[in-house]
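Biologist: Could you walk me through the side-chain contacts here? I'd like the cut-offs as we go.

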2 protein chains.
Amino acid sequence: MPAKGVLVAVTADVVIAGGGVIGTAIAWRAAAAGLDVVLADPAHGDGASLVAAGMLAPVSEALFGEGALLRVNLLALARFPSFAAELEQVTGHRVGLRQEGTLAVAYDAGDYAALMRLTAFRRSAGLEAEELDSRACRKLESFLSPDVHGGVLFPGDWSVDNRRYAAALRQAAAAAGVRVVRDRVTAVLTAGGADGADGADGWVRGVALAEGGEIGAAQVVVAAGSWSGAVDGVPAALRSVVRPVKGQLLRLRHPDGMPPVLTHTIRATVRGADVYLVPRADGEVVVGATQEERGPDLTVTAGAVHDLLHDAMSVLPVTSELILAETCAGLRPGTPDNGPIVGPAGPGGVLLATGHYRNGILMSAATADAAVACLTGRAPAPEWEPFGPGRFLTRQGAR
Amino acid sequence: MPAKGVLVAVTADVVIAGGGVIGTAIAWRAAAAGLDVVLADPAHGDGASLVAAGMLAPVSEALFGEGALLRVNLLALARFPSFAAELEQVTGHRVGLRQEGTLAVAYDAGDYAALMRLTAFRRSAGLEAEELDSRACRKLESFLSPDVHGGVLFPGDWSVDNRRYAAALRQAAAAAGVRVVRDRVTAVLTAGGADGADGADGWVRGVALAEGGEIGAAQVVVAAGSWSGAVDGVPAALRSVVRPVKGQLLRLRHPDGMPPVLTHTIRATVRGADVYLVPRADGEVVVGATQEERGPDLTVTAGAVHDLLHDAMSVLPVTSELILAETCAGLRPGTPDNGPIVGPAGPGGVLLATGHYRNGILMSAATADAAVACLTGRAPAPEWEPFGPGRFLTRQGAR
């Protein structure tokens, strides 16, 4: 006799744990590929996906020397426009993809030297970059401060409205037949092994839910972002790999009647501190972001808000006139090598799609392709090969 | 036959338009004095009263040369503790009156010179003030920046938790029998004159409400803060006198486990800019406030939040570690001479209690006394004599 609340009747081909952009993109594409999909999330995917700024930038200063990660980011960027176009066609809603490019600006000479190093690295990877002096920067963005030392236009760095994108993904998934369960997956259940025991090598038979139910399925995708380690039944070596990296950011809005103050995404370095400003078509400007190793802390602090506003106002003084509409914090799923974890956790039917750190929006489309390939017995694109869970299962051998 | 929605059955001795701390304090005391009172407010008094910081400071730099205003503020301060004590006794709830005093600090030498001028003025008014060097300031408040030039302790400047105070007033008013109507008073109605006509000199017969009802009453108190001018039937010369003065402020909170960073209210001048930090017993710290002549604009702007945080962090660097719990804006009811308007608007039964500008919380208790005196045919305390509506009715003669 089932325990109270156990949903013994729910079964699917695939259960996806986590309804952020990664889990929902996989759910949509898996259902479109003919699989019967249940997506489980206690909170409608309101984690890091909704806090993000939506920058689609394959290179950041963190990527020096990370060639494999650069290659998978470039794959992801190339895939994004067609994925977004199909999403808009299916749902009838715009997701706010902007391809004007990103203007990186340096506040002082030291900032400019760092920007030149980044520019050289980007060029070595085959990416377009156009150096601009202070005046040329202001010709592109007239509200930039004359104090800005200089900049570089990166035409290939785009942005998407992450909230519209996430909402469209949910709508597309639902239209494709994905069923959503508002509950948290607590454990992967295996046939033969003890429920939830680490390292059980039986085949997956489903998942257990926080409120007491179960969902039967032969394959499970763990796409729970920084909470991915909280799912029992994932190998212990993988559970400790993903850590939360706190990011605080701001959403500003133009007051009624003020014309747009920005066209391009601005990435600025202000005396060594990085800040970005991402404009939306609807008048929103996202300003971010801190990077803090503080565990699962979602508080918004006075100091972070001050510093973000200060740095944004340093390069774009008119920022002070914008409305501070929202302050928020999210938890990026970080990994020891800054790379995502996408692939089978072993032979038993558990797939991981997590650890996307600062690039979850960018990588979502390509991750969905890779995950659906795994779920349907095909090989993902070769760029994913270095990013399987296996690199953390072999005693740190893949470092 | 009454129009749809007209509440012909509601009558009272007094209708009070406005449920902020002024209107609610008057309502409570009037009901306690035996009057049958209806309080009308569309939004439960969620205007400037809830945005305020609750400082009870009879002197500010705006008061140089405003001797009459100082005298009524001192009356108000003297009245506050017994009023608050009765309120706490009646309701059983604490209102968070803090009497540790206020530490005024100056960031640089110029700020200190200005503080010394203010201190001399306060002493000339008989108020206690103790000059402290930077080290002595830090003995009182150990988290103050060593950069603070010096300060002055004003033991007689207190604070109250304005939100607890407002909530207690509402509870006390209800317990005393005040009836609350959730609607906006649009006009004072007079017998004999045309409804709502300016300058009608008939006696009051009640008020008209936005949703179409009426309340019958022989006396009306207009206590609608910066919206007081929106009530038809108030003499035209008075309706244009009260203007909204926007104030933005922040509510910070201590993270779990952090001991309190402040005991005294801090009033700081940072390179000419004023900022205050008001600690609450429950771990809240209110940081304020801008003063902006922008009409009825309630937006929170990036520049104001930045400047408040910057100035607060300049004198109390640990502020950066606090949680930014809330940003808000309110509209102080300002007047041409910075003084309140309390008294009869003429012989017809209309009483004004508005224009309290930056001192509404401070003056609420004394204003209630004065208003109830007027409503019951007695004379208010002599300190109120210069602050009647008459000074604006006689062609600016009272300037």
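Biologist: Is A:Phe80 buried or exposed?

Modeller: A:Phe80 is buried, with a relative accessible area of 0%, where buried means under 20%, exposed over 50% and partly exposed in between, using a 1.4 Å probe and protein chains only. This is a predicted model, in which local features need pLDDT of at least 70 and side-chain atom pairs count only at pLDDT 80 or more, while totals for chains, interfaces and linings use all residues. Residues are numbered from 1 along each chain as its sequence is written, chains are lettered from A in the order in which they are written, and side-chain values use heavy atoms, leaving out hydrogens and water.

Biologist: How many aromatic pairs are there over all chains?

Modeller: The count comes to 4, where rings of Phe, Tyr and Trp (its six-membered ring) pair if their centres lie within 6.5 Å, and planes under 30 degrees apart count as stacked, over 60 as edge-to-face and the rest as tilted. One of them is the tilted pair of A:Phe80 and A:Tyr165, at 5.1 Å centre to centre with 45° between the planes.

Biologist: And how buried is A:Tyr165?

Modeller: A:Tyr165 counts as buried, at 0% relative accessibility.
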